[in-house]
Amino acid sequence: MVESSKISTVGGDLNDFTRNEAGEISPTIENFFRYCSERKLMAVRCEQCETIHLPPRPFCSKCYSSNLEWFKLKGKGKLLTYSIVHVPPPQFETIAPYAVGVVKLEEGVNLPGVIKLKDMKNLNIGIELIVDFETLPFESWLGRTRYYFKEP
Amino acid sequence: MQKPLAAIISAGLSKFGRLDGMSLREIFAVAAKEAFDSCPNLNYKEDIKAIFIGHMIESSEHQCHTGPLIGDWVGLPNTPSLRFESACASSGAALRSGVMAIMSGLFDIVMVGGVERLTHLKTSEATEYLSLSADYALEQWNGFTFPALFASMAKAHMHKYRTKEEHFAMVAVKNHSCGAKNPKAHLQKEITLDKVMSSKVIASPLKLYDCSLISDGASCLILTKPELARKFTDSPVYIIGTGQASDTIGIYERDDLTKLNASILAAKQAYKMADISPKEVNLAEVHDCFTVAEILAYEALGFCKPGEGGNMIENQETCLDGCIPVNMSGGLKSKGHPVGATGAAQAYEIFLQLTAQADKRQVSDARIGLSHNIGGTGSTAIVHIYKR
């Protein structure tokens, strides 16, 4: 994988969910999380109308172009809203109570996720957060790596 | 006012709550029997030409194919039947499809309704199934419970409009006071503001008493063409507007987390079709899956301006003697929320109110009613307008 802001171009074969002939990776949810397992927060940008899609989509839902390009997000943003979960689903019991929120990234797209702060008293709308990655003790169809937010 | 689209000639509702020992088909049969028995002029075996049924969670009973299942058990095994799954808006979707089927002219009479069975599950199982109506990959996988999604909207509303936690609690107090007057409600007891405010935090700022109930139950309506309605009853209720819209599956994709955008769009369609303004609505049943959702609904349905939902409940405008009584049935909060049955159950309450059968919770001189049913975090919204 090329380590640059432009990782690869996706050619538009919607039936190719792994890699195309040029070795490029399709814009799927699974591949988004595959990148997370490489500690990369990736989105796709439409080459035609420049809309950013996070998570990626097989074609641009704004202009319908299939000419999409993966790129690496800076992983920085501001908290739009949050909640502290006191009654967790079973796989989150060990970390409850924990915070979740929606973060507006510098690139202008929103991402939901777990927020981990050293002191939860600092949790407020508008605080700056950065992305990090963690490997989970369980897995789903999305793999076993997840991104989360923490203080810079 | 617009020519009616369809007429409700009869309606039935099972008790909502914990219906131990009853499975989906039996719960629905209770609702259907009430609808059949209260319309003696209906020869249901001959007259009902199609069945539209809402049902969300098949895992609870390892049972899909709910259409023929309940058709069989209500004595209509050969009647065409369809199941609708639109999360908590499943029977709102069934109702709307029934209206469209009548409008198409294909059928003169159809049965619509919904059913759900949840209370035999562990709470953690039921809540997990219910949360599947959001964006699993980005939301549930990232720790958002279903309450946490509505809590995030609540927090955004509090931040933007200075709405207080007490405003959410007031919705719970009001809806429990109504549910206490509804013999079919799941929890028929009044609660105090202190009780709500001091209840266990589920996902801040939402507490236990801000959340609707996990219930079993079923709802059933018989629809016909407006011009045929008086053959069957002297007091039909006419459906004069229907609207439906969608929103993104994940809340994170939305520009403004303080708005139920699909509900705004669905309401506009329904008002336009009915040719009325929000001010003409005499009572409404709105989707209070969480107390914050009722406040967002006031704003989406045009009962008040954006940001004024908190004031509306504080000023008691939506109580029984307020200018627009909301959720006189007790709502999802107190009547209960057997998700697949909820949309048609809202129509059942409007039917009772507009035919002056709502007893202690009757809104005086109710002429025009509205129901608002949403699925997931508002990704589906269905609005109907009714007149007597």
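This dialogue goes through the features of a predicted two-chain model, chain A and then chain B.

Me: What conventions apply before any feature is read?

Reply: Residues are numbered from 1 along each chain as its sequence is written, and chains are lettered from A and ligands numbered from 1 in the order in which they are written. The model is predicted: local features need pLDDT of at least 70 and side-chain atom pairs count only at pLDDT 80 or more, while totals for chains, interfaces and linings use all residues.

Me: How many helices and strands does chain A have, and in what pattern?

Reply: Helices (H or I, at least four residues) and strands (E, at least two) are DSSP runs, numbered from the N terminus. Chain A has one helix and nine strands, and its pattern along the sequence is β-α-β-β-β-β-β-β-β-β.

Me: Which domains divide chain A, and how many residues of each are in contact?

Reply: Domain bounds come from an automatic or database domain assignment. Here that assignment gives domain 1 (6-72) and domain 2 (76-150). Two residues are in contact if their C-beta atoms, placed from the backbone, lie within 7 Å. On that criterion, 10 residues of domain 1 of chain A meet 11 residues of domain 2 of chain A. Helix 1 (residues 29-37) of chain A supplies the largest share of the domain 1 side, five residues. For residue class, Ala, Val, Leu, Ile, Met, Phe, Trp, Tyr, Cys and Pro count as nonpolar, Asp, Glu, Lys and Arg as charged, and the others, Gly among them, as polar. The domain 1 side then has six nonpolar, one polar and three charged residues.

Me: Which parts of chain B touch chain A?

Reply: Begin with the contact count: 25 residues of chain B are in contact with 27 residues of chain A. At least two residues each come from helix 5 (123-131), helix 6 (136-140), helix 7 (146-161) and strand 5 (201-203) of chain B. Helix 7 of chain B gives the most, with six residues. By class, the chain B side has 13 nonpolar, eight polar and four charged residues.

Me: Why is chain B described as being as compact as a globular protein of its length?

Reply: The radius of gyration is taken over C-alpha atoms, and the globule rule is 2.2 Å times the number of residues to the power 0.38. Chain B holds 15 helices and 11 strands. Its radius of gyration is 19 Å, close to the 21 Å from the rule for 388 residues, so chain B is as compact as a globular protein of that length. Along the principal axes, its C-alpha atoms fill a box of roughly 55 × 45 × 35 Å.

Me: Is B:Gln353 buried or exposed, and what does B:Gln353 contact?

Reply: B:Gln353 lies in helix 15 of chain B. B:Gln353 counts as buried because 25 other C-beta atoms are within 10 Å. Beyond neighbours within four places in sequence, its contacts include B:Leu283, B:Met328 and B:Val363.

Me: Where are B:His62 and B:Arg162, the residues with positive phi?

Reply: B:His62, a residue other than glycine, has phi near 50 degrees and is in the loop between strand 2 (50-54) and helix 3 (66-73) of chain B. B:His62 counts as exposed because it has 6 C-beta neighbours inside 10 Å. B:Arg162, with phi near 60 degrees, is in the loop between helix 7 and helix 8 (165-179) of chain B. B:Arg162 is also exposed, with 10 other C-beta atoms within 10 Å.

Conventions: Buried ≥ 20, exposed ≤ 12 C-beta atoms within 10 Å, placed from the backbone.
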